[in-house]
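I opened a new notebook page today. I wanted to look up a few things in one chain and write them down.

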Amino acid sequence: PRKVELAIQLQNSAHADLGNWDVILENFQKYMERQPGTDEKGDWLFAQALITDRKLNDDEEAAILYQKFFDEYPNHPLARSAKTRRELLVQTTS
């Protein structure tokens, strides 16, 4: 399992270097679906929102993902960050 995780990290790093953010988002969705625990699923969804926000600069979609994260994982350690970031995005797009 450790070798698989390292291979996944290297693959995503290569895609990031090439700017293939859509591929990374697809990978994150697959990883999220395979996670057994709620916090782990939340981690992947937050990562999707963050990439959509910071790398794709898609404020509308990022706000939707942050809201989805907050709705589905309100007790996650990153919930407050997701809510704050969503509020900022909504204010700037209004």
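My entries below go from the whole chain to single residues.

**Ground rules**

I am working with a predicted model, where local features need pLDDT of at least 70, side-chain atom pairs count only at pLDDT 80 or more, and totals for chains, interfaces and linings use all residues. I number residues from 1 along each chain as its sequence is written, and side-chain values use heavy atoms, with hydrogens and water left out.

**Confidence**

I looked up pLDDT, the predictor's confidence in each residue, from 0 to 100. The chain averages 92, and 99% of the residues score at least 70. Which elements have the lowest and the highest mean pLDDT? Helix H1 (residues 2–18) is lowest at 89, and helix H4 (residues 59–72) is highest at 95.

**Elements**

I checked how elements are defined: helices (H or I, at least four residues) and strands (E, at least two) are DSSP runs, numbered from the N terminus. I find five helices and zero strands in the chain. Read from the N terminus, the order is α-α-α-α-α.

**Overall shape**

I looked up the radius of gyration, taken over C-alpha atoms, with a globule rule of 2.2 Å times the number of residues to the power 0.38. For 94 residues, a compact globule would come near 12 Å; the chain has 14 Å, which agrees. Along its principal axes the C-alpha trace spans about 45 × 30 × 15 Å.

**Surface and burial**

I noted the method for accessible areas: Shrake-Rupley with a 1.4 Å probe, and for residues only the protein chains shown count as cover. The chain exposes about 6300 Å², and carbon and sulfur atoms supply 52% of that. Buried means under 20% relative accessible area, exposed means over 50%, and partly exposed lies in between (1.4 Å probe, protein chains only). Of the 94 residues, 31% count as buried.

**Contacts**

A contact means heavy atoms within 4.5 Å. I looked at contacts with a separation of 6 or more: residues 24 or more positions apart account for 37% of them.

**Asn27**

I found Asn27 in helix H2 (residues 21–34). Is Asn27 buried or exposed? Asn27 counts as buried because its relative accessible area is 9%. Leaving aside neighbours within four places in sequence, Asn27 is in contact with Gln11, Asn12 and His15.

**Ala16**

Ala16 is in helix H1. Its relative accessibility is 26%, so I list Ala16 as partly exposed. Not counting residues up to four places away in sequence, Ala16 touches Trp21 and Ile24. I also looked up Ala16 and Lys55: they are 39 residues apart in sequence, and 9.6 Å apart in space, C-alpha to C-alpha.

**Phe46**

Phe46 belongs to helix H3. Phe46 is buried because its relative accessible area is 14%. What does Phe46 contact, leaving aside its neighbours within four places in sequence? I wrote down Tyr66, Phe69, Leu78, Ser81 and Ala82. Phe46 and Lys68 are 22 residues apart along the chain, and their C-alpha atoms are separated by 9.3 Å.

**Asn57**

Asn57 lies in the loop between helix H3 (38–54) and H4. With 57% relative accessibility, Asn57 counts as exposed. I looked up its phi: the angle of Asn57 is near 55°, a positive value in a residue other than glycine. Most residues other than glycine have a negative phi.
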